[in-house]
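Visitor: Could you take me closely through the sheet of this model, and then tell me what surrounds the ligand?

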Amino acid sequence: MHEKDIRILIEEAYEAKKQSYAPYSNFYVGAALLTAEGNIYRGCNIENAAYSPTNCAERTAIFKAVSEGERNFVAIAIAGSKEEYLAPCGVCRQVMQEFCNSEAFQIILAKNREDYVIYRLEELLPGAFSKNMLSDLPGTKPAANDS
Ligand code: THU
């Protein structure tokens, strides 16, 4: 990705964070997902009084995109509450694995608007369980576009 596009995605993640609903942790997170179509989907964390229904910012962005018909993703930028790099949780990494090419998908962690690091999904989720492992089993339905 070009530096300019990385900066745009980081800015979008900080904008997304403004919508964060995190009254229990006060840990506000924003994410911005870039699709192969060139669209950006913002996501924020959404907490719940029952705690476990909480949805992370990354999954909010990914689910928004999938629900709008997009499944090809280039990169995601993540901005947390503290001035440090916030790595996605294990559940979000697994959701990324479902839709992204793990060798290519870039995870941009922003410490602030200036400083960032980039990881590939395969670095953050090595040896992942994926839908490929479910194929060719008796009774297994194809994963793509089965409606
Ligand atoms: N959270 C995210 O939104 N993304 C992450 O990568 C880590 C954690 C949220 C979930 C919860 O609302 C709060 O941060 C504290 O865990």
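Guide: In this predicted model, five strands form an open sheet in the order E2-E1-E3-E4-E5, and their pairing is mixed. The edges are held by strand E2, residues 40-44, and strand E5, residues 116-120, each of which pairs on one side only. On average, and with direction ignored, neighbouring strands of this sheet are turned by 20° against each other. As a general point, the strands of a sheet pair through backbone hydrogen bonds, and they do so either parallel or antiparallel.

Helix H1, made of residues 3-17, touches strand E1 (30-35), E2, strand E3 (73-79), E4 and E5, and its direction makes about 140° with that of E1. Helix H2, made of residues 57-67, touches E1, E2 and E3, and the direction of H2 makes about 140° with that of E2.

Turning to the ligand, the residues that surround it are Ser25, Phe27, Val29, Asn45, Glu47, Thr54, Cys56, Ala57, Glu58, Ala87, Pro88 and Cys89. By class, the shell around the ligand divides into seven nonpolar residues, three polar ones and two charged ones. Three of the residues named in the shell can be described through distances between polar atoms. For Asn45, an N or O atom of the side chain is 2.9 Å from an oxygen atom of the ligand. For Glu47, the corresponding distance from a side-chain N or O atom to an oxygen atom of the ligand is 2.5 Å. For Glu58, a polar side-chain atom lies 2.6 Å from an oxygen atom of the ligand. On its own the ligand has 370 Å² of accessible area, and the protein covers 80% of this area.

Key: Residues are numbered from 1 along each chain as its sequence is written. This is a predicted model: local features need pLDDT of at least 70, side-chain atom pairs count only at pLDDT 80 or more; totals for chains, interfaces and linings use all residues. Side-chain values use heavy atoms; hydrogens and water are left out. Two strands pair if DSSP finds at least two bridges between them. Helices (H or I, at least four residues) and strands (E, at least two) are DSSP runs, numbered from the N terminus. Axes are lines fitted to C-alpha atoms, for helices over the stretch in contact, and angles run from 0 to 180 degrees between N-to-C directions. Contact means heavy atoms within 4.5 Å. A residue is near a molecule or strand if one of its heavy atoms lies within 4 Å of it. A polar contact is a pair of N or O atoms within 3.5 Å; within protein, one must be able to donate a hydrogen and the other to accept it, and residues adjacent in sequence count only if both atoms are side-chain atoms. Accessible areas come from the Shrake-Rupley method with a 1.4 Å probe; for residues, only the protein chains shown count as cover. Ala, Val, Leu, Ile, Met, Phe, Trp, Tyr, Cys and Pro count as nonpolar, Asp, Glu, Lys and Arg as charged, and the others, Gly among them, as polar.
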